[in-house]
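Have the chain open and follow along.

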Amino acid sequence: MAIQLIATGTTADDGKGDTLRVAMTKINENTTELYELLGQDTAGAKGIDISGSTIATTETNADITLSTNGTGAIVLDSLSVAGTTLSASDSTVITIAENLHVTGNLTTGGTLDVTGDFTFTGNEMTSSSNAHMEITPGGTGNVNLNADTVRIGDADANATLTTQGTGDLTISTNGGTNSGTIKILDGANGNITIENNGTGDILLKAGGQVGIGSVSAPDTTLHLKDASAVITLQRTADANTPGLSFQNSNGNVRGVIKLDGTSGTSNEIFMQTFDGSSQAERFRVTHTGAKVSGTLDIDSAITIKDNLITASRSNDNLQLDATGSGAIEMIPAVIMMANLPTSDPTNAGQLWNDSGDLKVSAG
């Protein structure tokens with residue numbers, strides 16, 4: 001009902017106001033309506049109880065409903081509630097000072113210390129359709145992923161790790177402190193540098209074979225393919241002897257090919273092999289030719305050692321044959337022929353010693 005006002009007349013005691021009974025009746029009816037709306041009357045009707053600065057329901061587990069008219073809003077100090085929208089009436093930030101537990105979906109169209117369209121489901125964060133997900137720290141801050149393993153790429157799909165723009169890409173550990181690095185330079189013909197730390201090694205371990213250049217399927221353990229493939233071994237001091245070392249299964253050196261340094265005969269190539277007890281030089285390419293240390297075996301037919309040429313096979317002849325009309329010249333002033341037969345061997349062309357005379361057998 002509408003509020004009932006007590007008529008008090010125009011002037012005091014002019015007899016135009018309500019009687020005492022009518023006035024008290026209006027008071028009772030107004031009070032009854034207030035109790036019906038806000039409190040609990042003597043008949044046990046339930047509603048709202050206002051005590052001091054506290055508004056409470058008189059019914060257990062009952063809601064308190066604040067309903068506006070039209071587009072009106074419920075204003076609590078500087079906080080405004082209009083329908084399902086919560087805003088600050090003074091356009092400042094709304095601060096939630098305690099933990100916030102959201103049992104449904106949390107959707108933000110503004111800033112949540114993260115800008116963009118993100119969906120959080122369980123432990124998954126996703127962006128809207130085909131939209132990039134960008135994580136940008138403030139100032140010089142970094143993005144730290146605190147996990148033992150970081151995976152990139154969709155399931156079973158190829159993945160790309162790259163920089164944003166023209167920056168170089170460096171891979172290291174411990175923020176680059178006491179760490180080797182892999183550095184990929186940006187730009188056409190940029191280098192890729194793999195650098196160890198201190199005296200550390202760079203180990204390239206492959207269960208199969210390694211191809212360098214335009215190799216699609218390596219044929220050997222290390223396969224280089226280029227228009228003019230070259231392997232370069234550069235020494236840092238000319239006294240050193242760079243080269244190739246060959247080891248047995250136990251890691252012991254059993255042969256080397258090296259370039260001699262200033263401590264030997266500089267810039268000559270030599271080869272060493274292990275004979276079972278020691279490793280020594282067997283062959284050397286000199287500035288003017290080649291040198292064999294020991295015996296030179298040619299096709300298992302002849303051997304040359306020091307100043308001796310010997311046929312290797314038993315009872316083989318040693319033949320010196322000039323080409324066409326060419327002749328075999330013997331330059332020394334003295335030619336020694338030992339062990340010539342002293343009687344005609346009846347072998348056409350064979351020399352024999354007839355009591356000091358050199359003769360040729362007619363056969």
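The side chain of His 223 reaches over to the backbone nitrogen of Asp 219, at 3.0 Å. Keep in mind that this is a predicted model. His 223 itself belongs to strand E12, which covers residues 222-225. Is His 223 buried or exposed? With a relative accessibility of 17%, His 223 falls on the buried side, because the cut-off for buried is under 20%. Setting aside neighbours within four places in sequence, the contacts of His 223 are Val 210, Gly 211, Ile 212, Val 215, Ala 217 and Pro 218.

Now for the sheet. Five strands line up as E13-E14-E15-E16-E17 in an open sheet, with antiparallel pairing. Strands E13 and E17 are at the edges with a single partner strand each, so one side of each has no neighbour in the sheet. On average, neighbouring strands here are turned by 15° against each other, ignoring direction.

Here are the strands of this part with their residue ranges:

| Strand | Residues |
|---|---|
| E13 | 243-247 |
| E14 | 253-259 |
| E17 | 290-292 |

E13 pairs with E14 in the antiparallel sense, over five bridges.

As for aromatic pairs, the count is zero by the rule used here.

Methods:
Residues are numbered from 1 along each chain as its sequence is written. This is a predicted model: local features need pLDDT of at least 70, side-chain atom pairs count only at pLDDT 80 or more; totals for chains, interfaces and linings use all residues. Side-chain values use heavy atoms; hydrogens and water are left out. Helices (H or I, at least four residues) and strands (E, at least two) are DSSP runs, numbered from the N terminus. Buried means under 20% relative accessible area, exposed over 50%, partly exposed in between (1.4 Å probe, protein chains only). A polar contact is a pair of N or O atoms within 3.5 Å; within protein, one must be able to donate a hydrogen and the other to accept it, and residues adjacent in sequence count only if both atoms are side-chain atoms. Contact means heavy atoms within 4.5 Å. Rings of Phe, Tyr and Trp (its six-membered ring) pair if their centres lie within 6.5 Å; planes under 30 degrees apart count as stacked, over 60 as edge-to-face and the rest as tilted. Two strands pair if DSSP finds at least two bridges between them. Axes are lines fitted to C-alpha atoms, for helices over the stretch in contact, and angles run from 0 to 180 degrees between N-to-C directions.
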